[in-house]
Protein chains: 2
Amino acid sequence: MQIREFADVDWPQVWPIIHEVVQAQETFPYDPMMTEGQARDIWIESPPGLTVVAVNGDRVLGTAKMGTNRSGPGSHVSTASFMVAADARGGGIGTALLRFALDWARERGFAGMQFNAVVETNHSAVNLYERYGVSVVGTVPGAFIHPAHGRVGLHIMYREL
Amino acid sequence: MQIREFADVDWPQVWPIIHEVVQAQETFPYDPMMTEGQARDIWIESPPGLTVVAVNGDRVLGTAKMGTNRSGPGSHVSTASFMVAADARGGGIGTALLRFALDWARERGFAGMQFNAVVETNHSAVNLYERYGVSVVGTVPGAFIHPAHGRVGLHIMYREL
């Protein structure tokens, strides 16, 4: 498994991953009716941001985007988002993408990384982030409507770099 | 003082308010080099969002924008932002705009209102929000570089409606 910068040729494999994740409505506060064009606009970053794919040979197993969280006086803090193909979960792809994003942000001189909206029932994400020193700094109660659990909290998570 | 929907004719008075606030770099994580066109794109909401002005006769004293905070499973929570002209601060304009925004969100059926990035040294905003039942749910440490205080925290604040 290798992580490399997203290229146009990857999109036919990236879009189904995004589509499955947003349709499930379990982990991202994204519009489930999002079109392919909207997904591309949201997910594919322009410099200074970056979008990457985790690949095994020709197969895309997951994707991440990373960039600046806020502008001006907030632009020293980075953010990132991660999606892994449903049948590739539990295999360390998310871990590899998170490590990549943290290294990327550190190398570019960001002071920290913030995750703005981590669904509190997404235990695999919360646990992964915590293993890498990203802590919950607060939870907005009931800010996400989960199809099975109803209104659940959205964590804000942060680590200094 | 009256609050009404923003109209094109207000822009020549709204832009200097935004310009002063972003140049000060004390309260908004917005790019201080923001152009007039970028400011207009950021501040003037399209439906279902709304931008309003607080006016005294022909004079614009302050402005607010309000809308949906996140998409899809997060779209039941609203957000809002407020700016008051420097020489009109302390006169209740912010209070009137906040009350307007909370009423607007309640009437439209939003379950809550979230403020994503309240600079912790912006005591007038923090105190105002708290008076209206909006509580700090967490603080991202050092996420804002203040010109006088250096790295200060950004509060996430929330109230249920």
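Visitor: Is A:Val22 buried or exposed?

Guide: A:Val22 is buried, and its relative accessible area is 0%. Buried stands for under 20% relative accessible area, exposed for over 50%, and partly exposed for values in between (1.4 Å probe, protein chains only). This is a predicted model, in which local features need pLDDT of at least 70, side-chain atom pairs count only at pLDDT 80 or more, and totals for chains, interfaces and linings use all residues; side-chain values use heavy atoms, with hydrogens and water left out. Residues are numbered from 1 along each chain as its sequence is written, and chains are lettered from A and ligands numbered from 1 in the order in which they are written.

Visitor: Where is A:Val22, and what does A:Val22 touch?

Guide: A:Val22 lies in helix 1 of chain A. Helices (H or I, at least four residues) and strands (E, at least two) are DSSP runs, numbered from the N terminus. Not counting residues up to four places away in sequence, A:Val22 touches A:Tyr30, A:Asp31, A:Pro32 and A:Met34, where contact means heavy atoms within 4.5 Å.

Visitor: And A:Asp10, where is that?

Guide: A:Asp10 sits in the loop between strand 1 (2-5) and helix 1 (11-24) of chain A. A:Asp10 is buried, with a relative accessible area of 3%.

Visitor: Which side chain makes a polar contact with the side chain of A:Asp10?

Guide: That of A:Arg4, at 2.9 Å. A polar contact is a pair of N or O atoms within 3.5 Å; within protein, one must be able to donate a hydrogen and the other to accept it, and residues adjacent in sequence count only if both atoms are side-chain atoms.

Visitor: Changing topic, which residues of helix 4 of chain B are buried?

Guide: In helix 4 (residues 123-131) of chain B, the buried residues are B:Ala125, B:Val126, B:Leu128 and B:Tyr129. They cover an arc of only 165 degrees around the axis, so they are on the same side of helix 4 of chain B; the arc is that of the directions from the helix axis to the C-beta atoms.

Visitor: What is exposed on the other side?

Guide: B:His123, B:Ser124 and B:Arg131 are exposed there.

Visitor: What rotation superposes chain B on chain A?

Guide: A rotation of 180 degrees does so, with 0.0 Å of shift along its axis and an RMSD of 0.0 Å. The two copies are thus related as by a two-fold rotation axis. Copies are superposed by least squares on the C-alpha atoms of residues with pLDDT of at least 70 in both.
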